[in-house]
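Let's take a walk through the aromatic rings of this one. Have the structure open and follow along.

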Amino acid sequence: MFKNTFQSGFLSILYSLGSKPLQIWDKEAVNGHVKRVHDEDIQSNILEIVGTNVPSTYITCPADPTTTLGIKLPFLVMIVKNVNKYFSFEIQILDDKNVRRRFRASNFQAMTRVKPFICTMPLRMDEGWNQIQLNLGDLTRRAYGTNYAETLRVQVHANCRLRRIYFSDRLYSEEELPPEFRLYLPMQKQ
């Protein structure tokens, strides 16, 4: 999908304020929903993914199961709200040995497990809005002893609220981020 695109800086794959935030995504909602709602905390529209069963309600990118993202930028950043329910997301990558591997993070798992093709990790989130940052290069090296080549697929399961998902060439400080990549919390009324 992005394989032949020049990649540097930032590459956004989801922005809740866009005219069609799920344009390149597929969605599945069994006993739940995927919809845009207004979030009171940040006074903005966001994407809400809610379901009674975490694995059966999700969004996945790219929408076409036969294509891949082809994103070479090694840092994944998600701006996500903790809604105090079970939540997980999964990243499928390709390493330099041409092996597809998955990293799954969830807030209902207590320890990291590394199996040949999937690494599951616990995810701890603070109350409210969180910025989750994954160094896919470092994760691939530590879990499998191979080098990260590219990201093939991203899947976000219930239950969360999403503002943005993007990839970057390095971790940026809040001051370095373009304004539309920052999460602004409204000023508290005195």
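What follows is a look at ring pairs, and then at charges over rings.

A quick note first: this is a predicted model, where local features need pLDDT of at least 70, side-chain atom pairs count only at pLDDT 80 or more, and totals for chains, interfaces and linings use all residues. Residues are numbered from 1 along each chain as its sequence is written, and side-chain values use heavy atoms, with hydrogens and water left out.

Rings of Phe, Tyr and Trp (its six-membered ring) pair up if their centres lie within 6.5 Å; planes under 30 degrees apart are stacked, over 60 edge-to-face, and the rest tilted. By that rule there are seven aromatic pairs here. Take Phe87 and Phe89: this pair is tilted, at 6.1 Å centre to centre with 35° between the planes. Phe87 is buried at a relative accessible area of 0%, and Phe89 is buried at 0% too (buried means under 20% relative accessible area, using a 1.4 Å probe and protein chains only).

Now move to Tyr166 and Phe181. Their planes stand at 90° and their ring centres are 4.7 Å apart, so this pair is edge-to-face. Tyr166 lies in strand β13 (residues 160–168) and Phe181 in the segment after β13, so the pair ties together parts 15 residues apart in sequence. Strands here are DSSP runs (E, at least two residues), numbered from the N terminus.

Finally, the charges. One sits over a ring if NZ of Lys or CZ of Arg is within 6 Å of the ring centre and within 35 degrees of the ring normal. The charged end of Arg170 sits over the ring of Tyr172, 3.9 Å from its centre, while that of Arg164 sits over the Tyr15 ring, 3.7 Å from its centre.

Notes. Buried < 20%, exposed > 50% of the residue type's maximum accessible area, 1.4 Å probe, protein only. Helix = DSSP H or I, 4+ residues; strand = E, 2+ residues; numbered from the N terminus.
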